[in-house]
Structures are given as structure tokens and as C-alpha cells.
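My entries follow the order in which I checked them.

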Amino acid sequence: MAEGGAPASVVEFEEKLLEVSASLPKRLKQCADYVAANTDRIAVSTVAEMAEAAGVQPSAFMRFCQIMGFSGYSEMQRLFRENYVGGWPDYSTRLDHLRDMGEHSGPRLLAEFVEAGRASLENLLKSVDPQALEDAVETLAGANLVHIIGLRRSFPVASYIAYALEKMQVPAMLHSVAGRLDSSAAIRPGDALLAITFSPYSAETLDLVEAVRARGVPVVALTDTSVNPLRKMGATILTVSEVDFGAFRSLSATLCVAIALSAAVGAKRKN
């Protein structure tokens, strides 16, 4: 695999990560997936911490840095430190402190999830591209019928958008895989697809996006990492970064974007 030069910006880093990710072996793919979902951690974490979080040995993480074109982790970290605008202690650290206290009562867990949700909302305006949001509104408002798909963890977001659009009298259809029924034939020229999927991404959602893009149907994607397979499919990408708590991820910021997107589409159709 040709390793090439080091990216000169975070945008170039994301583009290269998307380019090399699909061809990486298992351990290096784990590094790529973790980095894609946690680029904010690079500036403030050691290589040992990043490797442990990705579930690999530090040597594997160093090899990943080299494949990305860097001499090592320090050079890669320097790129992100130059763009780092966070404070200290960050919200992930605060959550770690709460977990370390060892009290997992209902009120304690509620406090932890509130903290994760607040952190996600505070980062929201930095993670959503305003132009991409405008393009998404334009695409969905101009569609004859808005098709919506979001499975498993994404389903609450998809179902809320379908509910909101229905209340604003925007023609919309919520797709699912219940009964293994395929509703893709209902998507016609002049329609648009809104796909909600989070890393590691729903195979069914990606298949539907790929199928409708091949037919020239525009797609808006709401996802959690800027480096994702939807980019290669020509979708308009809305990236929303959420804070994890243990095995759970806050949906606070994602639902906020969903509400704003639905409201903007409804308002634009009435004009």
C-alpha cells in the first residue's frame, strides 16, 4: 500500500482516511474506525490511550499513523493540536471521573447522561456544516416525497423526522426492514432519500442509498463521522458528533439537528 505524504490539514486527513480505510487489514481498520469517530481525542491523548481505546497494540496504531503518511503518532497529533479548540478538563474526562466514583445509582446515571448530552449540544455548531445543512433543506423541500430510513440505533431519529414532517404536511414515507419487505420500488424520480446511520453503519441503509443514487435520486445523510462510505455515494452529508457514555451514545445533538432540519423543510415548502 502506497503511504504517500502526510496530510497538511484535518480536511486532507479525513479525505485520506476515507481513501485508505476500506483496504486496511483488521487491526488497522480498528484504528481507522476509532480515529474517524474520535478525532477530537487525538490532540489530548497518548498513543497508548488511543491504541487501548481502539482495541489494538500501540505498535499497530503507530503503523496506522505511518500508513496515513506520518512519521509517527507525534507528527499526526501535531496536526490536530494546531486545530484543537477544546478546554481542559474536557467532558469525556469529567464523565470518566464520574464513572470512577463507582456509584451507578439512577440519579448518578442520569447526571452522567445529562453531561454527555450537554457536551454533544455544545459541540453541535462546530460539527454541522452550515452549507451542507442548507443544501439538505433545499433537496428535501424540493422532493415530491421524502423517504426516510434509519435502523436500530438510528430508528428513533428517523421515526421522529417522519412524525415531524407529517405534522407539517410534508409528504414523507418511513422505510423499515420489518418482515424483510423491500420498499425501494416506492422511491421514484423527483423523490429524495434521507438516510440516518451511525458508525459502523447499517448495511441495509447503505444498500438502499447505493441503489437510489444509481437511479439519480438525491440523498441526504445524517451520520456521526465525517469519514464514512456515504461520501463516495454522492450524498449530502450532515455530520453530528455525539459524546459516548460507556456503551451508550447520546442522541441529543442528532435529535436537535433532526428537529431543525424538519422545521426548515416544512417552512420552505410553505413559501
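Predicted model: local features only at pLDDT ≥ 70, side-chain atom pairs only at ≥ 80, totals over all residues.

Lys268 has a relative accessible area of 34%.

Next I asked which side chain Lys268 meets in a salt bridge. The partner is Glu138, with 3.4 Å from N to O. I then placed both residues. Lys268 sits in helix 12 (residues 252-270), and Glu138 sits in helix 9 (residues 130-141). The two are 130 residues apart, so I noted a link between distant parts of the chain. Glu138 is also partly exposed, at 49% relative accessible area.

**Second pair**

I moved on to Arg152. Its side chain forms a salt bridge with that of Glu204, at 3.0 Å from N to O. Where do Arg152 and Glu204 lie? I found Arg152 in the loop between strand 1 (146-150) and helix 10 (155-167). Glu204 is in helix 11 (residues 203-214). The positions are 52 residues apart in sequence, so this pair ties together separate parts.

Is Arg152 buried or exposed? Arg152 is exposed, because its relative accessible area is 56% and the cut-off is over 50%. Glu204 comes out at 25% relative accessibility, so I wrote down partly exposed.

**Third pair**

I turned to Lys29. Lys29 makes a salt bridge with Asp33, and the closest N and O atoms are 2.9 Å apart. Both residues belong to helix 2 (residues 26-37). They are 4 residues apart, which I noted as about one turn of the helix. I read 28% relative accessibility for Lys29, which counts as partly exposed. Asp33 reads 34% and also counts as partly exposed.

How many salt bridges does the structure hold? I counted 3.

Last, I looked up Ala6. I found Ala6 in the segment before helix 1 (10-21). Its relative accessibility is 34%, so Ala6 counts as partly exposed.

Which residues does Ala6 touch, leaving out those up to four places away in sequence? I listed Met68, Gly69, Phe70 and Glu75. I then checked Glu75 in particular. Ala6 and Glu75 are 69 residues apart in sequence. In space, their C-alpha atoms are 8.9 Å apart.

Conventions. Residues numbered from 1 in each chain as written. Heavy atoms only, no water. Buried < 20%, exposed > 50% of the residue type's maximum accessible area, 1.4 Å probe, protein only. Contact = heavy atoms within 4.5 Å. Salt bridge = Lys/Arg side-chain N within 4 Å of Asp/Glu carboxyl O.
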